[in-house]
Amino acid sequence: MFDRIIDMLSSLGLPGIFAGVFLEAIGLPFPGSVLVALAGFLAKQGEFSIVTAWLVALSGYLLGSLTAFLLGRYFGGAFLEQWGRYIRLTPERIDKALELLQRSAPAYIIIGRFLPTIGNITPYVAGISGISTVQFLIYDMIHALIWLTVFLGAGAALGDNWHSWVNNPRFIWVAVGGSVLILVYVLRDWLPVRSKGRM
């Protein structure tokens with residue numbers, strides 16, 4: 001079963017990594033961290049170079065972040081009024097986020113991007129705040145370098161020892177637990193918003 005999952009992920013290749021990380025970066029509820037870790041794993045299996053995977057993921061992340069930043073900068077209110085509910089971006093959350101960003105833009109962008117839900121709205125809030133595009137990209141690049149290196153490295157480390165992991169009786173429980181956490185993450189950020197939109 002594990003081999004089938006790996007084969008399916010392998011078929012996505014580098015375009016799949018780029019697309020997945022892009023979706024993560026623009027704030028959609030997509031498990032980008034898991035995808036990056038899997039990219040590290042597949043690189044260790046010889047599917048592609050880990051450096052290439054890192055560069056592709058970095059490109060997808062920065063393009064997604066910049067897209068979200070520019071949407072916040074140039075379409076702010078009108079865009080968020082129509083689409084903000086899909087990323088749980090309410091007026092109250094915008095006000096609170098702007099307050100945090102004004103206290104420390106580096107901390108909000110670099111550290112905030114690691115936090116669930118806060119990370120999803122960070123580039124939009126940065127765009128609305130009026131900070132320069134260059135300043136945003138510098139902080140976002142720092143976050144991306146840390147994020148990608150950690151998760152690609154974790155996936156690569158797993159790739160060295162995956163046979164022993166799969167043969168370990170506890171692996172199934174770890175896999176199930178991880179799947180449940182991913183499902184909770186997606187349901188929390190997506191389904192409640194859609195249900196509100198129907199009301």
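Leaving aside its neighbours within four places in sequence, which residues is tryptophan 147 in contact with?

Modeller: First, the ground rules. This is a predicted model, so local features need pLDDT of at least 70, side-chain atom pairs count only at pLDDT 80 or more, and totals for chains, interfaces and linings use all residues. Residues are numbered from 1 along each chain as its sequence is written, and side-chain values use heavy atoms, without hydrogens or water.

Now the tryptophan. Once its neighbours within four places in sequence are set aside, tryptophan 147 is in contact (heavy atoms within 4.5 Å) with Val21, Glu24, Gly32, Ser33, Val36, Tyr61 and Phe114. Take Tyr61 from that list. Rings of Phe, Tyr and Trp (its six-membered ring) pair if their centres lie within 6.5 Å; planes under 30 degrees apart are stacked, over 60 edge-to-face, the rest tilted. That rule gives three aromatic pairs. One of them joins tyrosine 61 and tryptophan 147, with centres 5.2 Å apart and 40 degrees between the planes, and it is tilted. The pair links distant parts of the chain. Tyrosine 61 sits in helix α3 (residues 50-83), tryptophan 147 in helix α7 (residues 133-160), and 86 residues separate them. Helices here are DSSP runs (H or I, at least four residues; strands are E, at least two), numbered from the N terminus.

Next, the core around them. A nonpolar core is a set of buried Ala, Val, Leu, Ile, Met, Phe, Trp, Tyr and Cys residues joined through side-chain atoms within 4.5 Å. The largest such core has 18 residues. Tyr61 and Trp147 are among those with the most contacts inside it, along with Ile17, Val21, Val36, Phe48 and Leu148. Helices α1 (2-25), α2 (32-44), α3 and α7 each give two or more residues to this core. A second, separate core has 15 residues, including Phe69, Ile94, Ala97 and Phe136.

Leucine 35 is in helix α2, and it counts as buried at 12% relative accessibility. Apart from neighbours within four places in sequence, leucine 35 contacts Gly16, Ile17, Gly20, Val21 and Phe30. Its C-alpha atom is 7.1 Å from that of glycine 20, which is 15 residues away along the chain.

Now move to helix α6 (residues 118-129). Nine of its 12 residues are buried, so α6 is largely enclosed by the rest of the structure. The buried ones are Gly119, Asn120, Ile121, Thr122, Pro123, Tyr124, Val125, Ala126 and Gly127. Threonine 122 has a relative accessible area of 0%. Beyond its neighbours within four places in sequence, threonine 122 contacts Tyr108, Ile109, Gly112 and Arg113. Glycine 127 is buried as well, at 2%. It touches Phe69, Gly72 and Arg73, not counting residues up to four places away in sequence. Just after α6, glycine 130 takes a positive phi of about 95 degrees.

Helix α4 (residues 91-103) holds leucine 98. Leucine 98 is buried, with a relative accessible area of 16%. It contacts Val125, Ile128 and Ser129, leaving aside neighbours within four places in sequence. From leucine 98 to threonine 122 is 24 residues in sequence and 9.5 Å in space, C-alpha to C-alpha. The axes of α4 and α6 come within 10 Å and cross at roughly 75 degrees. Axes are lines fitted to C-alpha atoms, for helices over the stretch in contact, with angles from 0 to 180 degrees between N-to-C directions. On the α4 side, the contact is made by Arg93, Ile94, Ala97, Leu98 and Leu101. On the α6 side, it is made by Ile118, Ile121, Val125, Ala126, Ile128 and Ser129.

Last, the whole chain. It has nine helices and zero strands. Buried residues make up 39% of its 199 residues. Of contacts between residues at least 6 apart in sequence, 82% join residues at least 24 apart.

Conventions. Buried < 20%, exposed > 50% of the residue type's maximum accessible area, 1.4 Å probe, protein only.
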